[in-house]
Amino acid sequence: MSTPVWITATPPATHGELHIGHLAGPYVAADVLTRYLRAEGEAVRFTTGTADHASSVEVRALRHHRKPEEVAEGYRAAITADWLRSGVEFDHIVRPRRDKGYGRWVQDLFARLFAQGVIAPRTRLLPYCEPCDRWLHGAHATGTCPHCGAVSDGGMCHECARPNDGGDLIAARCALCDTPAVARRCRRLYVPLEPFRETLAEYWATAGLPPRLAALCESLVEDGLPDIAVGHPAEWGLRVPVEGFPDHRIDGCFEAAAMHLFGYDVKGPLPRRAIHFCGFGHSFCHAVLLPVLLLAQDIKLPQDFNVNESYVIEEGVQEGNVWALDLLTEYGSDTLRRHVLQARPLGRRTVFHRERLAAARRELDENWNSWLSRLFAAVREECAGLAPQALPGGTGWEILERRLHRGVDDLREAYGPDAFDPRRAVAVLDEMVRSAADFGHVNAHERCRPSTSCRHLPALAAQLAFASALSAWSRPVMPEGADRLAAALQVTPGRPVDWQALTAPLPGTRLAPPSGPVFGF
């Protein structure tokens, strides 16, 4: 097998369940690309993890008087179950508290980087909460970003994606008791980025960064690359394996970057290409810290970035109406996947409107499923449920066939890594289905012509050919329904997205349509 393409998606912090905004971000989109490449015969390794040691996990545990490990384990199980139900299939999900050797691997990497001088000690100001008697780092601190003025945690602003050092967070307060923080000198371990200026600038210039991410990276270079804290005095997380820092834990952003390397296994053959899916608020970890960890180990890797903006929950929508589990239970994976791909916040924020999710289900029911239902009924009534003994044809078939050939070219471009656009793929699929439904309506009248018998059978064969192709062409977007359609037609699931899939089942094949809708439910 050839060296795989490596696809990553941001490890979510296990302080809460997944909601629809998470699915609209990196996870479903990354799964679409993975499924397409695999159908093409490409070797792919699709990885993520769960950020169990994030400071937000400890903050939630403290607020609810629970142990951090209980919070992390409970939400990790919920998150992985939601991925499975939504059809997002990873090759490896790193479980920091369960994967054998993970903690030692991260600590060994940290220790090696310290020995190489990549990690070095610095003494800087850090917020401190006197009532809680606690250093405030990460989610423990809240204040105003010194770069963009947005509300921010300590360490990283999820609005502008620029790091802060905690001590430069404006009007820092304790996230637990809301007491104004006191700035104290604290000796911590840092990765100074300035020594990597030239290599990072060269890397960013060749990586083909999306414009907003390119602007972030160029502004970092122009302002002077910062020192990034990779350890904090804390009680939760992996211990810093450096003498002189006995009560310090490894920073969550550093661990997330290292987690990607553990998930891929950098000791094995390097991938020929890495494609990272992340929200812009997490892009610093993917575009800056992860490359530094690779460059520090003399690993140069072609990398691409698919960066989404935030999918905002509209005002007045209760939290219980946006959790992934609830929506998957109500709408199913096909409807939810196609909706989040249509609403994917690319280049700008988008807002969740529940009626648009309902509209996605109506599109499947009124166009996709109604056409398939008519087709299967016609085959049952006219051919006793067997694929007809006829070649694809009918009035307008040559025109429709040409359109489908052009459409599959559009699909391949939209699914492919170089011009990845799953929203376009959904639009093309909808147009194809509507055209096939129109073709079916027009040719249904052939059954009423007394002059020649069986004139309607070629049109049925043509629609079955498209249905067979649809099971392959729609699978990256809606794998559950696509596999259900392939089973109904007795064709192989997961075939490539190409024009050769436009082949009807063999004449005489007994079809096995499902008792309910093919796509969604």
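Contacts between residues 24 or more positions apart make up 79% of the contacts in the protein chain that have a separation of 6 or more. This is a predicted model, and the contacts are those of the predicted fold. The chain's secondary structure amounts to 14 helices and 16 strands.

The overall dimensions come next. A compact globule of 521 residues would have a radius of gyration near 24 Å, and the protein chain, at 26 Å, agrees with that. The C-alpha trace spans about 95 × 45 × 40 Å along its principal axes. Of the 521 residues in the protein chain, 55% are buried. The chain exposes about 22,000 Å², and 50% of this area is supplied by carbon and sulfur atoms. As for charge, there are 57 positive and 63 negative side chains, and the centres of these two sets are 3 Å apart.

Setting aside residues up to four places away in sequence, Phe466 touches Trp371, Leu404, Met432, Val433, Ala436, Trp473 and Leu502.

Is Pro458 buried or partly exposed? Its relative accessibility is 22%, so Pro458 counts as partly exposed, since buried means under 20%. When residues up to four places away in sequence are left out, Pro458 touches Ala390, Leu391, Pro392, Gly393 and Gly394. Pro458 can also be used to compare distance along the sequence with distance in space. Pro458 and Arg475 are 17 residues apart in sequence, and their C-alpha atoms are 26 Å apart in space.

Ser55 is in helix H2, which covers residues 55-63. With a relative accessible area of 16%, Ser55 falls under the 20% limit and is therefore buried. Which residues is Ser55 in contact with, leaving aside its neighbours within four places in sequence? They are His137, Gly138, Ala139 and His140.

Two loop residues show a point about the backbone. Most residues other than glycine have a negative phi. Asp178 is not a glycine, yet it has a positive phi of about 65°. Asp178 sits in the loop between strand E8 (170-174) and strand E9 (182-192). Its relative accessibility is 45%, so Asp178 counts as partly exposed.

The phi of Ala384 is near 60°, which is a positive value in a residue other than glycine. Where does Ala384 lie? It is in the loop between helix H10 (354-383) and helix H11 (397-415). The relative accessible area of Ala384 is 51%, and because exposed means over 50%, Ala384 is exposed.

Technical notes. Residues are numbered from 1 along each chain as its sequence is written. This is a predicted model: local features need pLDDT of at least 70, side-chain atom pairs count only at pLDDT 80 or more; totals for chains, interfaces and linings use all residues. Side-chain values use heavy atoms; hydrogens and water are left out. Helices (H or I, at least four residues) and strands (E, at least two) are DSSP runs, numbered from the N terminus. The radius of gyration is taken over C-alpha atoms; the globule rule is 2.2 Å times the number of residues to the power 0.38. Buried means under 20% relative accessible area, exposed over 50%, partly exposed in between (1.4 Å probe, protein chains only). Contact means heavy atoms within 4.5 Å. Accessible areas come from the Shrake-Rupley method with a 1.4 Å probe; for residues, only the protein chains shown count as cover. Lys and Arg count as positive and Asp and Glu as negative; His and the chain ends are not counted. The place of a charge is taken as NZ of Lys, CZ of Arg, CG of Asp or CD of Glu.
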